[in-house]
Amino acid sequence: MSDEPTTEARRPGQPVLESKVDEVGRGVLREILESSWVVTLFAVVAALVLGAILIAAADQHVQTTAGYFFARPSDFFNALGSAVGNAYSALFQGAVVNFHGTTFARVIRPITETMTVSTPLIFAGLGIGIGFRAGLFNIGAQGQIILGAILGGWVGFTFHLPVGLHLLLAVVGAAVGGAVWASIAGVLKATTGANEVIVTIMLNNVAVYLIGYLLTTPMLQAPGVNNPISPPTPPSAQYPLLLGSQFRLHLGFVLALLAAVVVWWLMERSTLGLRFRAVGANPHAARTAGMSVAWVTVWVMAIAGALSGLAGSAQVLGTETSGLTAGVAASFGFDAITVALLGRSKPLGTVLAGLLFGGLRAGGFAMQARTGTPIDIVLVVQSFIVLFIAAPPLVRAIFRLPTPGGPTRAQRRAQKRAARAAAQPVTEEVQA
Amino acid sequence: MKLELRGITKVFGSLVANDHIDLVIEPGEIHALLGENGAGKSTLMNVLYGLYDPDGGEILVDDEPVTFAGPGDAMAAGIGMVHQHFMLVPVFTVAENVALGHEPVRGGGLIDARKARTLVREISDRFGFEVDPGALVEDLPVGVQQRVEIIKALSRDARVLILDEPTAVLTPQETDELIAIMRQLKEAGTSIVFITHKLREVRAVADRITVIRRGKVVGTADPSAPETELASLMVGRSVSLGVEKAPAEAGDATFQVRGLTVMDSVGNAVVDDVDLDVRRGEILVVAGVQGNGQTELTEAILGLVQPVAGTIVLDGRNLVGGGVAKALEAGIGYVPEDRSTDGIIGTFSVEENLVLDLFHSPPFSRGGALDKAAIRANADRRIVEFDVRTQAVTAMAGTLSGGNQQKVVLAREMSRPLRLFIASQPTRGLDVGSIEFVHKRIVEERDNGTPVIIVSTELDEVLALGDRIAVMYRGRVVGVVPGDTDRDVLGLMMAGVPLEEAVAQAAEHHTVLGEADIEAEEEPE
């Protein structure tokens, strides 16, 4: 029937502006983005509690004491306490400060590791966040990171240029690599209406096999080596280390923070960002106001890709300089989606979420090494965090938080009382 | 059946939608529930229909208190409802739609289609509805679809029928038929609750009138009460119903549409070879029943949809193919039909919405950077000028009332020198106060010498604003007539009858509302 808004009327063969699926997705996304900071915080808490249960369940000692729980429950609770306590303490010490460090460097190394690991997460998370705010589900950060690493690494080990210029060129190369890769999805969506979720996921696969292939060709493979690995990145193309050779922390982290500031300015203070946000919030109104949705799509994907490419540069030019391998992107591209969601697509939030996830990852290794708790727990906790922030009503129900916009419980009680009082005389009349 | 509501109270958050409402509907009466949009009429009826749980008060059927857990209970008690937006499955036949949810079954769980058809035919014949039980609902005109809804309610033995804004989608002739049906049902002993905000209809058909304002019953009135009295009761102050405007001082036709044709996605011509001229300083109203190509016409002018043929010339320049940005640049101010979807961005602040199509040029931005101070200053000025009621210019536009959202759109579109102003359904869903304001601003824009195009499906608005009226039917312009054309003639033209024939037919037979017009003219003001 004619209930359907007719704004979608177009010539036959013209691409669909957005499908129903996209609209539903947008709605879900908006719900996540508009949930309060409190919900995010409690989601993390809830995930850590669930993680604690799993840690306890996996612990040998806890399992043994549970066997004679009714004989001596105190044993069980002690075991429980120490298992969870030790694991989370190891996680914390592996992520922030190592209290048992013998030298100052060892004491503060964990936090620098966290910052190092968070660098690609922040870069890619910023890009994905821009996409989210413009209504685009860019799942392709993984592939964009790989392409960034390929081009950045290639510029790094192929050319011999002066210090400074070489790094600059390699960084720009990485950004261009990611941008071009992401633009494939952007241009396809803008011109043919191809769904960016599907295209970017598929491009991830293409990127994985592309780097695998290139590492067997002279273009990337180090001469005289049989393994699929490229030559190391020369020092002139490396991000300078920030705290000396004892730490892995490099200039890329500062660049990531800088990128966050730039992204904030772009989204909040520039005309480009206003277009991005407008198209994301309401593409119909944006079109009516004379903005081109297709144009915005291309730009957003290009910028998101450039940021993911920079994430690749943080790896190949900073953290892993010994040579490019097929595993250069690890799972940063996918974790970054989580980071962007957790950071609610805002730059500051993304930086904090990136640090949290970097810390979980860095601390996870320490936890496994010290207490034998499998690092997979960290992945589970990460996943629970996302699960919870994706379902704000669940978190509100668990922690009895008020619904935004709705009445508080005190107000509701007062209303009920008032309504009852109001209804009372009427019923009495009837009875009389 | 006697239906009584006592002290019904319904609260949403901090909003008291219904505040101790008492209402008695006697058997066989047509009871009009009159109130502005948002007064609480629909909430009350949803409480009555079991869709909302009241926070206080009770419902009595034949003096027995009842509670409805859902529409099923309400239907069982003999209450039927015809919603403003029909609850029909377009691809089902009339009989299937009527049977839906209460399918008569034969052995083996098979639907007894014949019985369903017989039921429809029986009711249809009894009241002279002329509805074919085998027709697909999507093929039926809106007026007939509405009758299907009524049959649906009657087939469940409804003895109280609630009609929620039933005339919103009808032409005057269809409204006339509906009024006849309502009278017939009344004869047969069915009570009718008639929800509306249109005074004319209320006076034509109601036995009793209850007026609701801000969730409270503010009074009851007799159908013989003058319109102005009803209006002031409804709004809470005296209002002028017409639009005060001087005769148009029309200049050159600076805006011309020639041979414009727009196709929909399946290749039907939704705008079919349309020619229009709009002169400086005149208001051309495009009238017609919803969905006859008016929306597509305005969208094609703005460049949102690409026409397959024709030219759109503004100040001597062809706009076709230029896109929206070019059209706005050429000086078009555009108020879209659906403001919450196309006009504003609900999650953006009021100040951002006020520059949504202006932000890219000075003074609001320089070198790609937004000038927040200029945007704020603009917002501060506009909300005073257009009387936008908002807590702050940083408040989200989605939190504003419909009327204030519309003022935001108007303020934005009228805040620059215009060469053409287009507004679709500029007052749909607005309260009387906002309607007065919007009409005043539109007339002011006209008096500035801007050519103005208004698209409206409300005949009252068409007649109040139009200097000339173009009637559209199935994508074509049936005719362009002067602004003081007879209501019945317009109604017939809206159903596709050419001008001469419409004049002849209207002279023979006046509709109830058309007669009311004539009476109103005869009455001393």
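The structure is a predicted model, so local features are taken at pLDDT of at least 70 and side-chain atom pairs count only at pLDDT 80 or more, while totals for chains, interfaces and linings use all residues. Residues are numbered from 1 along each chain as its sequence is written, and chains are lettered from A, with ligands numbered from 1, in the order in which they are written.

Chain A comes out with 17 helices and zero strands, whereas chain B has 19 helices and 22 strands. Here helices (H or I, at least four residues) and strands (E, at least two) are DSSP runs numbered from the N terminus. Chain B has a radius of gyration of 25 Å, close to the 24 Å that the globule rule gives for 525 residues, so it is as compact as a globular protein of that length. That radius is taken over C-alpha atoms, and the rule is 2.2 Å times the number of residues to the power 0.38. The C-alpha trace of chain B spans about 70 × 60 × 50 Å along its principal axes.

Of the 525 residues in chain B, 51% are buried; for the 432 residues of chain A the figure is 47%. A residue counts as buried if 20 or more other C-beta atoms lie within 10 Å of its own, as exposed if 12 or fewer do, and as partly exposed in between, with C-beta atoms placed from the backbone. Contacts with a separation of 6 or more were also sorted by sequence distance: residues 24 or more positions apart account for 74% of them in chain A and for 67% in chain B. A contact means C-beta atoms, placed from the backbone, within 7 Å.

The largest nonpolar core holds 204 residues, and those with the most contacts inside it are A:Phe123, A:Ala124, A:Val300, A:Leu307, A:Leu310 and B:Val471. Such a core is a set of buried Ala, Val, Leu, Ile, Met, Phe, Trp, Tyr and Cys residues joined through C-beta atoms within 7 Å. Helix 12 of chain A (residues 293–319) gives this core its largest share, 14 residues. At least three residues also come from each of domain 2 and domain 3 of chain B. Apart from this core lies another, of 67 residues, among them B:Ala32, B:Val47, B:Ala95 and B:Ile151. Leaving out residues up to four places away in sequence, A:Leu310 touches A:Phe123, A:Gly148, A:Val171, A:Ala174, A:Ala175 and A:Ala259.

Chain B is assigned domain 1 (3–235), domain 2 (255–331 + 417–485) and domain 3 (348–416), with bounds from an automatic or database domain assignment. The centres of domains 2 and 3 of chain B, taken over C-alpha atoms, are 24 Å apart. Where these two meet, eleven residues of domain 2 are in contact with eight of domain 3. Helix 15 of chain B (residues 432–447) gives the most to the domain 2 side, with five residues. That side divides into six nonpolar, two polar and three charged residues; Ala, Val, Leu, Ile, Met, Phe, Trp, Tyr, Cys and Pro count as nonpolar, Asp, Glu, Lys and Arg as charged, and the others, Gly among them, as polar.

Some local spots in chain B are worth a look. Helix 9 (residues 294–302) is mostly covered, with nine of its nine residues buried, and just after this helix B:Gly303 takes a positive phi of about 95°. Strand 11 (residues 255–263) and strand 12 (residues 269–278) run antiparallel and are joined by six bridges, where pairing requires at least two DSSP bridges. B:Val262 stands opposite B:Val271 in strand 12. The hairpin has five residues between the strands, and B:Gly267 there takes a positive phi near 95°. A cis peptide bond, omega about 5°, joins B:Pro362 and B:Pro363; B:Pro363 lies in the loop between helix 12 (350–353) and strand 17 (365–366) of chain B.

A:Ser345, at about 60°, is in the loop between helix 13 (332–342) and helix 14 (347–371) of chain A and is buried, with 24 other C-beta atoms within 10 Å. B:Asp62, near 45°, lies in the loop between strand 4 (56–61) and strand 5 (64–66) of chain B, and with 13 C-beta neighbours inside 10 Å B:Asp62 counts as partly exposed.
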